[in-house]
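Please keep the sequence and the model in view while reading.

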Amino acid sequence: MMIDASPLSADLLARFCAIVGDKHAVRDSDEKAPYLLEERGLYQGRSPVILRPGTTDEVAQICKLASETRTPLVPQGGNTGLVGGQIPHHGEILLSLRRLDKVREVDPSSNTMICEAGVILANAHVAAEKAERIFPLWLGSEGSCTVGGNLSTNAGGIAALSYGVARDLVLGLEVVLADGRILNGLSKLKKDNTGYDLRNLFIGAEGTLGIITAAVLKLMPKPRTVETAFVGLASPEAALKLLALSQSHAGGALTSFELIADIAVQFALKHGPGLRAPLSEAHPWYVLMEISSPRDDARTLIEGALEAAMEAGLVDDAVIAANLDQRNAFWTLREVISPAQKPEGGSIKHDISVPVAAVPDFIEEANAAVVKLIPGARPVPFGHLGDGNIHYNVSQPVGGDTADFMARWHEVNQVVFAIVLRMGGSISAEHGIGVLKRDELPDVKDKVAISLMRDIKAMLDPLGIMNPGKVL
């Protein structure tokens, strides 16, 4: 379906602005700029106006008018997406949901919380904490990403091993459809077999089927004890065995298990804000693991797992955080890995998943293939070993030309994706498709699945005005 990028008439633009009021209709170029640039600078968009609705009803009015006038819309949360899905590439109206920032309710009895789409993830954590609960979706961008964006991309994060991804943490949704109708599905029920599960149509759809305006989120009991360890070891194979051993010791209390290559740690230490190496010596690979328990046994569990691993020759060195500051330092090192790659020049990034058991073979094969394709390229693999999600990034050769390297993005994609698919994996584990991976999707997705996706899109958005050109 063609995207209508024709300029809006002054009268129509005024009608859209009137819905939110001039104060919340951003038309000045300098004020629009932060909304139109993807954080890595890969995508620069354009839009005649940034509409900032403050209520679900205003979103509905905007969608109704857009449907009547065939005006394309691009919804945006915190603008932290990494695949270009939140950027208006063709002059569409951008709909920023940041003013929908209310936590409508926290219900400890049902372990639920109702958040509007623009609630910053960190603020959702604070609201849960006040009720002695946790909302177990933790991301490096939690200070700026929003609940609506997290759900629209089905975000994963560091605790998916135990708690699941965004989809697993939602009971109900409020969604504005393309024609302005409001789907009121804010149910707290865990058991509701009354027909199709419409909720999951919109989670992970990246705003192409409707606009999520609020959600019923699952809360969990606050752990009684949390212990965190930074571990040095020889290989991903050793890390995989440590994962199995740790799960046998701790079961579901093992909430995070991050695999990190030494090059990623060195980048973080070199470019991060005053970080120190957690261990006295460098190791080829590291694991950052965390155990969260409802009892006073997290320390016993993590010590038991590490002692057994050392006896088995899996672990070369390890340190358990002695206090909250040290625990935060471990996680800060993990979180700065991505931004620390920027000073090293161009970085071609992949957010892939393979079966957990295949992670060591994937890394070995991908490293060899990428270096063969571009001699001197520096693979920087790290990520969530516990659920098979690896952020397989490739930094340019030292002293190489950044533009020349980045021009080979598609070539590197082809090499890496071929290995992923052969191993039964996915080219997008938690970042979504957007425009970055849109053209590859038909080649890697089941043909019937793609056909059904197009049918659903045509039914819910027959005019093609909802985030056009994204995903499909």
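Contact here means heavy atoms within 4.5 Å. Helices (H or I, at least four residues) and strands (E, at least two) are DSSP runs, numbered from the N terminus. This is a predicted model, in which local features need pLDDT of at least 70 and side-chain atom pairs count only at pLDDT 80 or more, while totals for chains, interfaces and linings use all residues. Residues are numbered from 1 along each chain as its sequence is written, and side-chain values use heavy atoms, with hydrogens and water left out.

**Sheet**
- The open sheet has 5 strands in the order E5-E6-E10-E8-E9, with antiparallel pairing, where two strands pair if DSSP finds at least two bridges between them.
- Its edge strands, each pairing on one side only, are E5 (103-107) and E9 (182-185).
- Strand E8 (residues 170-177) is joined to the antiparallel E9 by 4 bridges, and Glu 174 has Asn 184 in E9 as its bridge partner.

**Helices across the sheet**
- Helix H3 (residues 56-69) lies across E5, E8, E9 and E10 (210-218), at about 45° to E8; axes are lines fitted to C-alpha atoms, for helices over the stretch in contact, and angles run from 0 to 180 degrees between N-to-C directions.
- Helix H4 (residues 121-130) lies across E5 and E6 (112-116), running at about 150° to E6.
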